[in-house]
Amino acid sequence: MFQKTRLCTSLLLAFGGGLLATSANLAFAQEVQRVEVTGSSIKRVEAEGALPVQTFSQEDIKKSGVTTVTDFIQQLPVMQGFTVAADSVGGGGGGITTASIHDLGEQYTLVLLNGRRVAPATSGTTIDLNSIPLAAIERIEVLTDGASALYGADAIAGVVNFILKQGAAPFEISARYSQPEQTGGDGYNLSISKGFGDLDADGFSIFASLSYDRQKQLKAADRDFAKTGIINFTDQHGRNLTFFNGSSRSVPPNVDVFYFGVDPDTGEPTNEQYSFNPYLMQNGDCPKDHVVGGDQCIFDYTSTVEISPEQERTGFFASGKLKLGNSGFNLFSDVSYTNAHILARIAPYPAEFSLSPDHPYYATYIRPYISDDIANNLDGDINVKYRLYDMGNRAYDYETNATHVVAGVEGALGSWDFNSALTYSAQEQLQNYVGGFPLADRFQAAIDAQEFDPFPYILGTMPADQLEALKSTQWTGVYNTIDIKMMGVDARAQRELFKLGGGSAYLSLGADWRETSFKQTANDEVANGEILFDDPQAEYDWKRQNTGAFVEAIFPVTKELEFGASLRYDQISGVEDGISKTTRGSTESATTYKLNGKYKPTKTMLVRGSYGTGFRTGTMQEIAGDLVDFGVTGGTYACPFSQSYDPLGYIAAGVICDDLQKEVFQGGNAELKPEKSTQWTLGFVVEPSATTAISIDYWTVNVKDAISSVSEDQILNNPETYLDLYTIKHKASNGRDYVAIKLVPFNIGKVENEGIDWNFKWRDKTDFGRLTAEIGGTHLVKSRYTLPGTDDQWTDSMNKWGVNSAVSFRNVVHASAGLGHGDWSHTLTMNYRDGYKDIHHDVDNCAVDDGVDCIDTQLDVRAYTTWDWQTTWNAMKGLALTAGVKNLLDNDPPLSLRNVGSHQLGYDPRYASAMGRTFYVSGSYKF
C-alpha cells in the first residue's frame, strides 16, 4: 500500500507536484493552505499538480556547493544553450548570464520572480540571472513544459520561477570562502537575513536579506590548457598536429603596403598589397608570444586574456504583507535591488593607423624592405597593425543596477480569490571602459610627433617616456548606458465552479498589460567614433506594449482522472522609435491554448500529458535595430573572394580581403514574422515502494518561422549562398575599405527538439544513517533546425559543432549520493555531459598544420565528468559548518579547437569549468 512518508513528500515536490495524491491526500488538502505552483494560476495543494515541475529547496541549493543563482541553474540537466559569464570575455555576453530549457535558447525560457515578470536584460525578454539574489531564495520551480497559454509568448520552452523567502524567520548570518587549488579564481560571499511578524497574529509580516559576493578573475596564463593559442596535440588518428589562432596586430607591428601593379596575363592595372613585419625582416624571427606567418608576425593574444572574469554582486531583497483589518484583503509588496559587476579583460587593443611615406618612420622601418617598383607605385598611406600591449589589456566593467518593485492586494471578493499587482522593474546597464582604449586623434598626433615609436620594442620594453606618451592617448569612461524599464499591471481571480467525482472544478481568469522601454545612449566620444579603430555607435530609444488575457480551468472527473485547459490571447505592438518618431514592425496578435491531464491507474502510479501552442515575436533589437558596427569575427577566415571569383566587385575595387578576422555589422529586420510553436509532453511517475520513486517525461517542441541570424562561419564558408550578407566597412583610422559581413535576423524556417527528462530517487533509513541516492538527466532524441533561409534543408548540432556555432548534448546527467548520521551529512555529486565532434577546420583556413602542410581536422572532444564532495556539521543549535571540494578529481576541461565566440582557447568555456579542483568552507548561524 502507498504511504505518504517523508520520502514521498519530498519526491512529490521534486517531481513537480508528484502526481501521486490519493483520496486521503485530497481530504488533507482541504485542511491546508492552497498555493499557486508554477504552470498554473489556480491555487492548489502542491501535491495535486499535473505538470512536470522540478522543485529545488534551500537544502538542494546548499548541497550543490554553488555561490550564485547562475551556477545552480546552469548545472541542471534540463538546461542547455544559455549564456555563461565567460561569454563576456570578448564573446558578446555583455555581462549577463541566462537560463535555457531543453536547448531551445534563452529567448524561449521565461524567468519569474515570485510568479511575476522582471525587467529583461535585453530588448527582448531574456532575464539576467545575475539580478536574482541567491540568499533570498526559498525554492526554485522549473516548469519543463511550454506555458505560453498562461504566461505569454516567451514561455515556449518553459518557466523558471524563483520563490523568495517571506514572513517571520530568525536572524541568520552566513559566509563562504572558496579557493581553487591552482592560482586564481578565489571568491567569497556574505549574507544576513531576518523576518518579523506573523500575518494572522500581528497583522503584518516582513522579511529582508542583504548579500554580497565576489569572485576574482582567472587568467589564461594560470591554466596550462588555456594559456596559449598555439596548441600541440595528437588527434584521434594519431597525428601530431599544431593548432594556432592569432592576430596580425602584433608587437612590434606588421604593416600593409598598398601599391599599383600590373596583371601579367592581361596587362591591366591591379590593386596589390604586400604585408610584412619590419622586426622580422631585420632580425629573422618574431619576438616572444608570436609566430611567423609568411612575412608577418602573428600575435598569440590568448596568452593575455582572462578565462573567467572578475565578478562582484550586492543584493537586497525585502517582502512584506499587511492585513487590512477584517476585510479579508492583504496588501503585499516585494522590493529588490542588485548591483552587479562583471569585469572582463581581453587582449590589448588591436590598433590600426596610417603612416605617410613622408613620415620618418617610413624611411627607417618600411622603405628598406620593399622594392623600388612598390615604392614608386604606392597607393596611399601605409597601414600599421599594432597591438597596444604596453597600454595594458582592454578592460570592460559591465555594471548592472537592477530594481524590482511589486505592490498589490490579495483576498476574497465574493466567491472569487483575487490577486492584483502593479510592477515596476528596471535595469541600468553601464558598459564602462576601464583601460586599454586610445583616442584616435591623440594616438595619431603622438605618432605624427614621434612621441613614441612602436617599431623597435618587443613586449614590455618600451622606454618610460615613450610609454607615458602612449598611455596619455588612453580614454576611460562610460562607453554606453542602457536603460530598460518595464511597467505593468496584472489581475487574476479564481473560484470553485462545481463538484465532480474527483473533487471541485476550478476556473481562473486573468489579464495583464505591460510596457517595456529600451534606451541606449553613448558617451560623446563614443557616439562620434573618437576611439581609435571604432565607428560611431548608434543610440536607441524604443518601447512596445504587451496586452494579454487568459482563462484556465481544471476538471477532476474522477479520483483517478483529471483534465485541465487554458486559453490566452496576446497582442504585442510594433516598436515605437523615439528617435525617428516612427513605428517599426507591425502589431501582432495570437490566441494560444494548452490541454493537460493526469490519470492514476493505481495508487502508486500516475500518467500525465499535455499539448499546447505558443507564439513569439522578435525582440525590439531584432525588429528595429539599425545596421551598426559589431567588431570583428571570433574566428579567422580565408578571403571568400579572389580575382577569379569576385561577384560583388570587391577585389577589383581594391577592397581589403585578407585571410584573418573579418569585420562585422549587426542590424534588425522590420519584416520579421512571429514564430509559432506546438509542444506536447507525455510521462509518468511511479513509486514502486515507500523508498523509491521514478519519473520519466517525453517532450517535444516544434517552432515554425524561427528567428535567427546566419553564423559567421556559415556566411564566410558559403559566400555564393549568402552574398546579400556581405558589405564594406570603411575605417576612418586608415582610410581603407574592408570586406565585412552582416549579422541580421530573419525567419529561418523550423526548429524541432525532442527529448526525455528522467529521474530516479531512493531514500532509506538504516542503522548507520540516512541514505539517499538520486540520478537524473535529459536525453535529447532530436535537436535539429533548417539551414538559415530554408524550410526543408535540415541540420543539427547533436553531439557535434553545428552551423550555429554551438553543441547540443545528447546526454546531460546529474547524480548524487548522501549519508546523514547524527549531526553530520555527506554528499557526493557527479555531473556528466557527452563528448562531441569539434569545429571543423579545413585546409583553406589552415588553422591546423603538421609543421609542413595545412591539415583538414575535426577533433573528437571527450566526454566531461566532474565529482564534488560536501560535508556539513550541525555543530550546535543554529550553527552549521560546511566544507567541500568542487571537481574532486581535478579533471581539466577537454581539448577543443574552437576559435569562434569568446576569446578563451584550448577548451570551450560554455561546456566546462576552468577552475579545477576548488576547496570551499562555509558557515551559517541562526539566532
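Colleague: What is the torsion about the S-S bond of C286 and C297, and which hand does the disulfide have?

Modeller: In this predicted model, the torsion is about -95°, so the disulfide of C286 and C297 is left-handed. The two sulfur atoms lie 2.1 Å apart.

Colleague: Where do C286 and C297 lie in the chain?

Modeller: C286 is in the loop between α7 (278-283) and β14 (290-293), and C297 is in strand β15 (residues 296-299), so the link ties together parts that are 11 residues apart in sequence.

Colleague: Is C286 buried or exposed? And what about C297?

Modeller: C286 has a relative accessibility of 10%, and the cut-off for buried is under 20%, so C286 counts as buried. C297 is buried too, with a relative accessible area of 1%.

Colleague: What does a disulfide consist of, in general?

Modeller: It is a covalent bond between the sulfur atoms of two cysteines.

Colleague: How many disulfides does a search of the whole structure find?

Modeller: The search finds three. Counting the bonded cysteines along the chain, the pattern is 1-2, 3-4, 5-6.

Colleague: Which hand does the link of C639 and C657 have?

Modeller: That link is right-handed, with 110° about the S-S bond. C639 and C657 both belong to the loop between β31 (628-632) and β32 (663-666), and they stand 18 residues apart. The sulfur atoms are 1.9 Å apart. C639 is buried at a relative accessible area of 18%, and C657 is buried at 16%.

Colleague: And which hand does the link of C846 and C854 have?

Modeller: The link of C846 and C854 is left-handed, with -75° about the S-S bond, and the S to S distance is 1.8 Å. C846 counts as partly exposed at 32% relative accessibility, and C854 counts as partly exposed at 29%.

Colleague: Changing topic: what is the strand order in the open sheet of four strands?

Modeller: The order is β13-β12-β20-β19, with antiparallel pairing. β13 (269-276) and β19 (350-355) are at the edges with a single partner strand each, so one side of each has no neighbour in the sheet. From one strand to the next, the twist averages 25°.

Colleague: How many bridges pair β12 with β13?

Modeller: Strand β12 (residues 254-262) pairs with β13 over eight bridges, in the antiparallel sense. Y259 stands opposite E272 in β13.

Colleague: Which helix lies across β19 and β20?

Modeller: Helix α10 (residues 440-448) lies across β19 and β20 (382-387), and runs at about 50° to β19.

Colleague: Now the rings: how many aromatic pairs are found in the whole structure?

Modeller: The search finds 31 aromatic pairs. One of them joins Y396 and Y433 edge-to-face, at 5.3 Å centre to centre and with 90° between the planes. Y396 is in strand β21 (residues 393-413) and Y433 is in strand β22 (residues 416-435), 37 residues apart. Both Y396 and Y433 are buried.

Colleague: Why is the pair of F498 and F555 stacked?

Modeller: The planes of F498 and F555 are at 25°, with the ring centres 6.4 Å apart, so the pair is stacked. F498 is in strand β23 (residues 477-500) and F555 is in strand β25 (residues 540-555), so the pair ties together parts that are 57 residues apart in sequence.

Colleague: Which residue lies over the face of Y920?

Modeller: R176 does, at 4.0 Å from the ring centre. The charged end of R833 sits over the ring of F809, 4.7 Å from its centre.

Conventions
Residues are numbered from 1 along each chain as its sequence is written. This is a predicted model: local features need pLDDT of at least 70, side-chain atom pairs count only at pLDDT 80 or more; totals for chains, interfaces and linings use all residues. Side-chain values use heavy atoms; hydrogens and water are left out. Two strands pair if DSSP finds at least two bridges between them. Helices (H or I, at least four residues) and strands (E, at least two) are DSSP runs, numbered from the N terminus. Axes are lines fitted to C-alpha atoms, for helices over the stretch in contact, and angles run from 0 to 180 degrees between N-to-C directions. Contact means heavy atoms within 4.5 Å. Rings of Phe, Tyr and Trp (its six-membered ring) pair if their centres lie within 6.5 Å; planes under 30 degrees apart count as stacked, over 60 as edge-to-face and the rest as tilted. Buried means under 20% relative accessible area, exposed over 50%, partly exposed in between (1.4 Å probe, protein chains only). A charge sits over a ring if NZ of Lys or CZ of Arg is within 6 Å of the ring centre and within 35 degrees of the ring normal. A disulfide is a pair of cysteine sulfur atoms within 2.5 Å.
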